[in-house]
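I open this page to keep track of what I look up in the structure, entry by entry. Each entry takes up one spot and what surrounds it.

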Amino acid sequence: MKLVNIGFGNLVSEARVIAIVSPDSAPIKRMVSEGKDRGTVVDATYGRRTRAVILTDSGHIILSAIQPETIAGRAGERGISAAPTDSEREGGDTDA
C-alpha cells in the first residue's frame with residue numbers, strides 16, 4: 001500500500017484516491033458543503049486555506065492545504081512520501 005503525504009504529516013492511501021481537484025469551482029464547493037452535512041469530509045488543512053480536494057472511492061472528501069499538482073507529484077514518487085516540507089515544519093504556506 002502506497003501512502004501519499006497530503007500535508008502536515010497526513011497520509012492518504014494512493015489506491016483509494018479517485019481525483020485531486022481544485023476547490024475553486026462551484027460544483028466542488030457544493031460537493032464539499034454536502035459532504036460536511038453528511039459527515040464525510042476530513043479536514044487536513046490545519047486551519048489553512050484549502051488548496052486541494054481529494055475524492056476517494058469510499059465517498060470521503062479530504063481537504064488539503066497543499067496544491068493539487070504537488071500532491072499528484074508526490075503520488076508519482078516511489079515509496080512512502082511522508083517527510084514534511086520545510087514550509088510545513090515552519091508552519092507557513094507550502095506553495096508560495
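Is V12 buried or exposed? I find that V12 is buried, with a relative accessible area of 9%, where buried means under 20% relative accessible area, exposed means over 50% and partly exposed is in between, with a 1.4 Å probe and protein chains only.

Before going on, I note that this is a predicted model, in which local features need pLDDT of at least 70 and side-chain atom pairs count only at pLDDT 80 or more, while totals for chains, interfaces and linings use all residues. Residues are numbered from 1 along each chain as its sequence is written, and side-chain values use heavy atoms, with hydrogens and water left out.

I place V12 in strand β2, strands being DSSP runs of E with at least two residues and helices runs of H or I with at least four, both numbered from the N terminus. Leaving aside neighbours within four places in sequence, I list K2, L3, V4, I6, V17 and I62 as the residues in contact with V12, contact meaning heavy atoms within 4.5 Å. I62 is 50 residues away from V12 in sequence, and their C-alpha atoms are 9.0 Å apart in space. I then looked up the largest nonpolar core, which has 10 residues, among them V12, I62, V4, I6 and A44; such a core is a set of buried Ala, Val, Leu, Ile, Met, Phe, Trp, Tyr and Cys residues joined through side-chain atoms within 4.5 Å. The elements that give two or more residues to this core are β1, β5 and α2. Apart from it I find another core, of 7 residues, including V32, V41, L55 and I61.

Entry on the aromatic rings. I find 1 aromatic pair in the structure, and its partners, F8 and Y46, are tilted, at 5.3 Å centre to centre with 35° between the planes. Rings of Phe, Tyr and Trp (its six-membered ring) pair if their centres lie within 6.5 Å, and planes under 30 degrees apart count as stacked, over 60 as edge-to-face and the rest as tilted. Because F8 lies in the loop between β1 (3-7) and β2 (10-13) and Y46 in the loop between β4 (41-44) and β5 (52-56), the pair ties together parts that are 38 residues apart in sequence. F8 is buried at a relative accessible area of 15%, whereas Y46 is exposed at 53%. I also note a positive phi of about 55° for F8, which is not a glycine, and a positive phi of about 55° for Y46, not a glycine either. Most residues other than glycine have a negative phi.

Entry on helix α1. What covers the buried residues of α1 includes β3 (17-21), β4, β5 and β6 (61-64). I list I28, V32 and G35 as buried in α1. They cover an arc of only 65° around the axis (taken from the directions from the helix axis to the C-beta atoms), which puts them on the same side of α1. On the other side of α1, I find K29 and D37 exposed. Just after α1, G39 takes a positive phi of about 85°.

Entry on R74. I find R74 in helix α2 (residues 68-76), buried with a relative accessible area of 8%. A polar atom of the R74 side chain lies 3.2 Å from the backbone oxygen of N5.

How values were computed
A polar contact is a pair of N or O atoms within 3.5 Å; within protein, one must be able to donate a hydrogen and the other to accept it, and residues adjacent in sequence count only if both atoms are side-chain atoms.
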